[in-house]
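Here's a quick tour of a structure you have up on screen. Keep the viewer open and follow along.

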Amino acid sequence: MLEEMIQQILNGCSEAVSKAQNTRELIEAKVKFLGKSGGLTMLLKELKNVPPSQKPAMGKRLNDVRGHLEEAFARAEDSLKTKERAQRITAETLDVTLSKQSTEYGALHPLSIVKNDIINIFTGMGFQIKDGPEIDFEYYNFTALNIPEDHPSRDSADTFYINDKMLLRTQTSAVQVHVMEQQKPPIRILCPGKVYRPDDDATHSPMFQQVEGLVVDKHITISDLMGILGEFAKKFFSSETKIRLRPSYFPFTEPSVEVDLSCSMCGGKGCRLCKGTGWIELLGAGIVNPAVLDCSGIDSTEYSGFAFGMGVERAAMVKYGIPDMRLLFDNDIRYLKQFR
Ligand code: DAH
């Protein structure tokens, strides 16, 4: 009677094992036959009704059957798992030849490119990079630069004041003074940074960037200024570019000059870009006014220097023929992309 039931279970199991399509079905079958309330467990409970003389043999028989079935299930599970893994790998295969939508690469803003180029050229000529505060004392921005009390640039229509004594610097020339107070000659520095003025039109922005250059040493003359700026123009614009100096006026330099570039479009013949003159205005410069040296604690009878100040936006506009400064601040990706 018990043996008959054993046979049923054995047959049932072997049928279930061969039918199972996946591990889930197999485990369900295993629970059905070997689980806590499964068929075989039920049979083990029947043992108590078996006559004592047959009990050991029947107990051993049932245990052997359990061992046999567990092995059969384990083997089946192994092979189903292998099969399933293979199926999963096939299903998950990536087609690496499939083209995808390409992502855009970021790039430096043209003003950063231009500023970095300027910095690289001057550091290549031995200039040190110096920073100064954007919120500064009136003293550094004006007074120490020999700008008189009644100079129009000090007017509140031309300068953003924070209070009586402090302002948003209007020129990186202010950094000259900070450096000269702390460092004695020889000085050869370039000060890039943001400056602020209440102007806003196609060629002016309330915030723009300048680089200030300052060289102070014994026997510095205007030839040194011409040599350095001529070299810069060739490196930054083209090897054909020439510079010319035009007399000008700044309180902090004497003599003062405007530095013009030969027009890259017409080569000096005169065109739309240079408004027919053959030259394009680039920056202001000059021989440092002895009063400025003395004010910052440098003996002007022993030392002399030259200085220059250049607008980064202006340099970018000249270099790339950009007609309106606002194009550089609108941040229209389609426009900025061209400079990559
Ligand atoms: N600071 C002047 C400006 O903002 C530019 C300048 C002119 C700087 C002559 C200089 C210089 O150092 O010598 O317009």
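Is Thr 241 buried or exposed? Thr 241 is buried, at 4% relative accessible area.

## Ground rules

This is a predicted model, where local features need pLDDT of at least 70 and side-chain atom pairs count only at pLDDT 80 or more, while totals for chains, interfaces and linings use all residues. Residues are numbered from 1 along each chain as its sequence is written, and side-chain values use heavy atoms, with hydrogens and water left out.

Thr 241 sits in the loop between H8 and strand S6 (243-250). Helices (H or I, at least four residues) and strands (E, at least two) are DSSP runs, numbered from the N terminus.

Leaving aside residues up to four places away in sequence, Thr 241 touches Ala 233, Lys 234, Leu 261 and Ser 262. Contact here means heavy atoms within 4.5 Å.

## The nonpolar cores

Now for the greasy part. A nonpolar core is a set of buried Ala, Val, Leu, Ile, Met, Phe, Trp, Tyr and Cys residues joined through side-chain atoms within 4.5 Å. The largest one has 45 residues, and Ile 118, Phe 122, Leu 229, Phe 232, Phe 308 and Met 310 are those with the most contacts inside it. Two or more residues come from each of these elements: helices H5 (110-124), H8 (222-236), H10 (312-320) and H12 (333-336), plus strands S5 (207-217), S7 (253-262), S8 (279-288) and S9 (304-311). Another core, of 23 residues, lies apart from it and includes Val 175, Ile 187, Ile 189 and Ala 307.

Zoom in on Phe 232: not counting residues up to four places away in sequence, Phe 232 touches Ile 118, Ile 121, Phe 122, Met 125, Phe 237, Leu 282 and Met 310. Over in H10, the buried residues include Val 312, Glu 313, Ala 315, Ala 316, Met 317 and Val 318. Gly 321, with a positive phi near 65°, follows H10.

## H1 against H3

How do the axes of helix H1 (residues 2-19) and helix H3 (residues 39-46) cross? They come within 10 Å and cross at roughly 170°. Axes are lines fitted to C-alpha atoms, for helices over the stretch in contact, and angles run from 0 to 180 degrees between N-to-C directions. H1 and H3 are therefore roughly antiparallel to each other; angles over 145 degrees count as roughly antiparallel, under 35 as roughly parallel, 65 to 115 as roughly perpendicular and the rest as oblique.

On the H1 side the contact is made by Leu 2, Met 5, Ile 6 and Ile 9, and on the H3 side by Gly 39, Leu 40, Leu 43 and Glu 46. These residues divide into 6 nonpolar, 1 polar and 1 charged.

Which peptide bonds are cis? The bond from Pro 185 to Pro 186 is cis, with omega near 5°, and so is the bond from Glu 254 to Pro 255, with omega near 0°. Pro 186 lies in the loop between helix H7 (173-182) and strand S4 (187-196), whereas Pro 255 lies in strand S7.

Asn 146 has a positive phi, near 65°, without being a glycine. Asn 146 is partly exposed, at 33% relative accessible area. His 219, also not a glycine, has a positive phi of about 60°. His 219 is found in the loop between S5 and H8 and counts as exposed at 70% relative accessibility.

Key: Buried < 20%, exposed > 50% of the residue type's maximum accessible area, 1.4 Å probe, protein only. Nonpolar A, V, L, I, M, F, W, Y, C, P; charged D, E, K, R; others polar.
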